[in-house]
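Subject: Handover of a structure and the findings from it

Dear colleague,

Please find below the structure that I am passing on to you.

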Amino acid sequence: MQSFWMKVRGDFYNVNMTSIQGTQLCMVDIMNEQVTFEFRQKEACRFQAKRVDPSLLREFAHRIEHYLQS
């Protein structure tokens, strides 16, 4: 498992990343909720959270995807 720090909306978050059967899984603790972002080839990112603002989740997905592509 590898991890990196990412700054989103002025705060830093630790992103833990692993790969399982061609799927990149990125786990982030956002506002005391563990959120998993799934990146599969040629598919949109999947994520689910109950208490986190959807626009914040989309921003995380975009930034993580950009990181994975670089």
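The notes below go through what was found, topic by topic. Please keep in mind that this is a predicted model.

**The nonpolar core**

I begin with the interior. In soluble globular proteins, nonpolar side chains tend to be buried together. Here the largest nonpolar core has 18 residues. Within this core, Val 28, Ile 30, Phe 37, Phe 60 and Ile 64 have the most contacts. Two or more residues each are given to the core by β1 (2-8), β2 (11-20), β3 (23-30), β4 (33-40) and α1 (54-69). The largest share comes from α1, with 5 residues.

Apart from its neighbours within four places in sequence, Ile 64 is in contact with Met 6, Val 15, Cys 26, Val 28, Phe 37 and Phe 39.

Is Cys 26 buried or exposed? With a relative accessibility of 0%, Cys 26 counts as buried. Cys 26 is in no disulfide, and the count of disulfides in the model comes to 0. The cut-off for a disulfide is a pair of cysteine sulfur atoms within 2.5 Å.

**The largest pocket**

The next topic is the surface. Rolling a probe the size of a water molecule over the atoms shows where empty space is left. The largest pocket has a volume of about 170 Å³. Its lining is formed by Gly 22, Gln 24, Phe 39, Arg 40, Gln 41, Glu 43, Ala 44, Cys 45, Glu 65, Leu 68 and Gln 69. By type, these lining residues divide into 4 nonpolar, 4 polar and 3 charged.

Which elements each supply at least two residues of this lining? They are β4 and α1. Of these, α1 gives the most to the lining, with 3 residues.

**The loop between β2 and β3**

Gly 22, which is among the residues that line the pocket, is placed in the loop between β2 and β3. Gly 22 counts as exposed, because its relative accessibility is 52% and the cut-off for exposed is over 50%. Leaving aside residues within four places in sequence, Gly 22 is in contact with Phe 39, Arg 40 and Gln 41. Gly 22 and Phe 39 are 17 residues apart in sequence, and their C-alpha atoms are 8.8 Å apart in space.

Gln 21 is found in the loop between β2 and β3 and counts as exposed, at 80% relative accessibility. Most residues other than glycine have a negative phi. Gln 21, however, has a positive phi of about 50° although it is not a glycine.

**The loop between β3 and β4**

Met 31 is found in the loop between β3 and β4. Its phi is near 50°, a positive value in a residue other than glycine. Met 31 counts as exposed, at 52% relative accessibility.

**Polar and charged residues in the strands**

Three further residues in the strands deserve a look.

- Thr 23 lies in strand β3 and is buried, with a relative accessible area of 12%. Not counting residues up to four places away in sequence, Thr 23 touches Thr 18, Glu 38, Phe 39 and Arg 40.
- Glu 33 lies in strand β4. Glu 33 is buried, because its relative accessible area is 10% and the cut-off for buried is under 20%. With residues up to four places away in sequence left out, Glu 33 touches Val 28, Ala 49, Lys 50, Arg 51 and Val 52.
- Gln 2 is found in strand β1 and is partly exposed, with a relative accessible area of 43%. Beyond residues up to four places away in sequence, Gln 2 touches Val 15, Asn 16, Met 17 and Tyr 67. Gln 2 and Leu 56 are 54 residues apart in sequence and 23 Å apart in space, C-alpha to C-alpha.

**Where to begin**

With kind regards

Technical notes: Residues are numbered from 1 along each chain as its sequence is written. This is a predicted model: local features need pLDDT of at least 70, side-chain atom pairs count only at pLDDT 80 or more; totals for chains, interfaces and linings use all residues. Side-chain values use heavy atoms; hydrogens and water are left out. A nonpolar core is a set of buried Ala, Val, Leu, Ile, Met, Phe, Trp, Tyr and Cys residues joined through side-chain atoms within 4.5 Å. Buried means under 20% relative accessible area, exposed over 50%, partly exposed in between (1.4 Å probe, protein chains only). Helices (H or I, at least four residues) and strands (E, at least two) are DSSP runs, numbered from the N terminus. Contact means heavy atoms within 4.5 Å. On a 1 Å grid over the protein atoms alone, a cavity is a set of points where a 1.4 Å probe fits but cannot get out, and a pocket is an open set with protein on both sides within 12 Å along at least five of seven lines; lining residues have an atom within 4 Å of a point. Grid points are joined across faces, edges and corners, and a volume is the space filled by probe spheres set on the points. Ala, Val, Leu, Ile, Met, Phe, Trp, Tyr, Cys and Pro count as nonpolar, Asp, Glu, Lys and Arg as charged, and the others, Gly among them, as polar.
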